[in-house]
Amino acid sequence: MISGEKINLLDLTRQDMEAFFEQLGEKPFRASQVIKWLHQYGVDHIQSMTNLSKSLRAQLEELASIKAPKIVVDSTSDDGTRKWVLEMDSGNHVETVFIPERDRGTLCVSTQIGCALACTFCSTARQGFNRNLSVHEIIGQMWVANKALGRDPKGLRIISNVVFMGMGEPLLNFDNVMNSINLMLDDFAYGLSKRRITISTSGVVPAINRLRESTDVFLALSLHAPNDALRDALVPLNKKYPLAEVLDACVRYVRGDPGKRITIEYVMIDGFNDKPEHARELVKLLRNLPVKINLIPFNPFPGSDFKRSTPQALERFREILIKNKLTTITRKTRGDDIDAACGQLVGKVKDRSKRTQKQVSLRQGVA
Ligand code: SAH
């Protein structure tokens, strides 16, 4: 690990950091010291780590660096939602969003540059896929946001919750997401509790099974439809892992933990998946799973063919679910004036998949 290119200290979990110091002949507690400097104090210079000896600092300078994503745009919505566009490498930007609420502050992080899943109602999908984000690029979003937000008047951190609901599919970047979560949970880094972290997935079944063995953070499922035919049209991954398999994996995920529920995300699209019969079908589909349902009014973006459900359709849908004892909330659209709402995150992606091109020609072919 300590030969060749300089390592970025923001890439290291506590375990990695301990191994690193061990190789230098240092005690493991150095790892806690450095993690604290990096993640609690947000230092970006090794020389600022004043409880390390001068010679150790000099040695570290030779072997390591601290490189965080660079802020390209920092915008704040009328409702207080804040969005950062971050440069990950030349030509690739991702977006990170902070959503303040009365009792919490939630950071929505991205896990990939673009996305490979091609969900038909999501603007990130239009970008195509470039690559997975590394640990320093994922935890770096927390690092940057934390520094930018500062502390509240009581000296506490402003970010209390993290949702993996930004650009990309977190479960297709499993190891880097898990290592970033390790740092979020580490008392010397961000000290969040497991119950304040949510991973949202479009339903990568083997990875949901693996997740169950690795951690017990909250899971959100982007369901969006009550049957396979409709879901196939919205989430192409459904053809590989159909509803029955995805829901089975969710049942296994919560098994043995009575307090745990899966959040079901359901984007409400006018005339497509928002009719009373869809709500009734959803009730039947979810009867064996402890859930809480988030209805998300569809957020339009240039070039999308879908429209947002009417408030009446949304309310009728919600009432049917509630009457059937399903906890249901309608997610408030936040930050849409700065394109920070669900499904509006696009960043700038150097597309290697060429899907964008294909989609454009398909759309032209149909028109
Ligand atoms: N790939 C993961 C993480 C992305 S999360 C997943 O699919 O869950 C982003 C959330 O925003 C998902 O629930 C997604 O379905 C939803 N979303 C995407 N496009 C949207 C749009 N145009 N309007 C509202 N919600 C959208």
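Ala, Val, Leu, Ile, Met, Phe, Trp, Tyr, Cys and Pro count here as nonpolar, Asp, Glu, Lys and Arg as charged, and the others, Gly among them, as polar. The views below show a predicted model.

**View 1. Composition of the shell around the ligand.** The ligand is surrounded by 21 residues. By class, this shell divides into ten nonpolar, nine polar and two charged residues. The closest residues are F121, S200, S222, H224 and N299.

View 2. The side chain of H224 places an N or O atom 2.6 Å from an oxygen atom of the ligand. The ligand taken alone exposes 540 Å², of which the protein buries 95%. Two or more residues of the shell come from each of the elements β10 (197–201), β12 (262–268) and β13 (291–297).

**View 3. Strand β12 and its two faces.** In a regular strand, side chains alternate between the two faces of the sheet. On one side of β12 lie I262, I264, Y266 and M268, and on the other T263, E265 and V267; all are buried, and both faces are covered. Because seven of the seven residues of β12 are buried, the strand is largely enclosed by the rest of the structure.

**View 4. Neighbours of β12 in the sheet.** Strand β11 (residues 218–222) runs parallel to β12 and is joined to it by three bridges. In this pairing, S222 stands opposite E265 of β12; S222 is also among the residues closest to the ligand. Strands β12 and β13 also run parallel, with seven bridges between them. Here Y266 stands opposite L295 in β13.

View 5. A disulfide is a covalent bond between the sulfur atoms of two cysteines. The structure holds zero disulfides. Are C115 and C119 buried or exposed? C115 counts as buried at 11% relative accessibility, and C119 counts as buried at 12%.

Methods:
Residues numbered from 1 in each chain as written. Predicted model: local features only at pLDDT ≥ 70, side-chain atom pairs only at ≥ 80, totals over all residues. Heavy atoms only, no water. Near = heavy atom within 4 Å. Polar contact = N/O pair within 3.5 Å; in protein donor to acceptor, adjacent residues only side chain to side chain. Areas by Shrake-Rupley, 256 points an atom, 1.4 Å probe, with all protein chains shown as cover. Helix = DSSP H or I, 4+ residues; strand = E, 2+ residues; numbered from the N terminus. Disulfide = S-S within 2.5 Å. Buried < 20%, exposed > 50% of the residue type's maximum accessible area, 1.4 Å probe, protein only. Pairing = 2+ DSSP bridges.
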